[in-house]
Amino acid sequence: MDNELLRFARLAVTVARRVAPTPSRFATPTYTPASLFALLLLRERLRLTYRGLEDLLCLA
């Protein structure tokens with residue numbers, strides 16, 4: 001299960017980098033649109049709420 005989840009997370013990041021727009025050179029975002037989109041895909045895959053995903057990331 002962990003190996004499958006890791007593969008999915010890597011795939012989500014790859015897809016997000018291709019699909020999401022690049023950040024503006026004037027903006028200094030904490031998170032890029034690609035990383036936020038990858039987290040959204042991971043949240044949907046795990047069927048978590050926003051708070052559940054936040055707790056999971058704090059543990060990692």
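User: In this predicted model, which element holds R17?
Analyst: The structure is a predicted model. R17 is an exposed residue, its relative accessibility being 64%. The element in which R17 lies is helix α1.

User: How far apart in space are R17 and L56, C-alpha to C-alpha?
Analyst: R17 belongs to helix α1, whereas L56 belongs to helix α3. Along the sequence, 39 residues separate the two. From C-alpha to C-alpha, the distance between R17 and L56 is 22 Å.

User: Which residues are in contact with L56, leaving aside its neighbours within four places in sequence?
Analyst: L56 lies in helix α3 and is partly exposed, with a relative accessible area of 37%. Once the neighbours within four places in sequence are set aside, the residues in contact with L56 are L46 and L48.

User: In what order do the elements of the protein chain run from the N terminus?
Analyst: The protein chain contains three helices and zero strands. The order is α-α-α.

User: What percentage of the residues in the protein chain is buried?
Analyst: A residue counts as buried under 20% relative accessible area. The protein chain has 60 residues, and its C-alpha atoms fill a box of roughly 40 × 20 × 15 Å along the principal axes. Of these residues, the buried share is 12%.

User: How many salt bridges does a search of the whole structure find, and which residue pairs form them?
Analyst: The search of the whole structure finds three salt bridges. One joins the side chains of E4 and R45, and another joins those of R43 and E44. The remaining pair is E54 and R51.

User: How many residues apart in sequence are the parts that the E4 and R45 pair ties together?
Analyst: The side chains of E4 and R45 meet in a salt bridge, with an N to O distance of 2.5 Å. Because E4 lies in helix α1 (residues 2–19) and R45 in helix α2 (residues 33–46), the pair ties together parts of the chain whose separation in sequence is 41 residues.

User: Is E44 buried or exposed?
Analyst: E44 and R43 meet through their side chains in a salt bridge at 3.4 Å, N to O. R43 counts as partly exposed at 23% relative accessibility. For E44 the relative accessible area is 52%, and the cut-off for an exposed residue is over 50%. E44 is therefore exposed.

User: What separates E54 and R51 within helix α3?
Analyst: The closest N and O atoms of the E54 and R51 salt bridge are 2.9 Å apart. E54 is partly exposed at 31% relative accessibility, whereas R51 is exposed at 53%. The two residues stand three residues apart in helix α3 (residues 50–59), so their separation is about one helical turn.

User: How far apart do the centres of the positive and negative side chains lie?
Analyst: The protein chain carries 9 positive side chains and 5 negative ones. Between the centres of these two sets the distance is 10 Å.

User: Which residues form a nonpolar patch on the surface?
Analyst: One member, L11, lies in helix α1 and counts as exposed at 52% relative accessibility. The accessible area of the patch members together is about 260 Å². The residues of this patch are L11, V15 and V19.

User: Which residues does L39 touch, not counting those up to four places away in sequence?
Analyst: L39 is found in helix α2 and counts as partly exposed at 25% relative accessibility. Its C-alpha atom is separated by 11 Å from that of R10, a residue 29 places away along the chain. Not counting residues up to four places away, L39 touches L53 and L57.

User: What is the phi of R47?
Analyst: R47 lies in the loop between α2 and α3. With a relative accessible area of 78%, R47 is exposed. Its phi is positive in a residue other than glycine, with a value near 55°.

Technical notes: Residues are numbered from 1 along each chain as its sequence is written. This is a predicted model: local features need pLDDT of at least 70, side-chain atom pairs count only at pLDDT 80 or more; totals for chains, interfaces and linings use all residues. Side-chain values use heavy atoms; hydrogens and water are left out. A salt bridge is a side-chain nitrogen of Lys or Arg within 4 Å of a carboxyl oxygen of Asp or Glu. Helices (H or I, at least four residues) and strands (E, at least two) are DSSP runs, numbered from the N terminus. Buried means under 20% relative accessible area, exposed over 50%, partly exposed in between (1.4 Å probe, protein chains only). Lys and Arg count as positive and Asp and Glu as negative; His and the chain ends are not counted. The place of a charge is taken as NZ of Lys, CZ of Arg, CG of Asp or CD of Glu. Patches are made of residues with over 30% relative accessible area and no salt bridge: like charges are joined within 9 Å, nonpolar side chains (Val, Leu, Ile, Met, Phe, Trp, Tyr) within 5 Å. Accessible areas come from the Shrake-Rupley method with a 1.4 Å probe; for residues, only the protein chains shown count as cover. Contact means heavy atoms within 4.5 Å.
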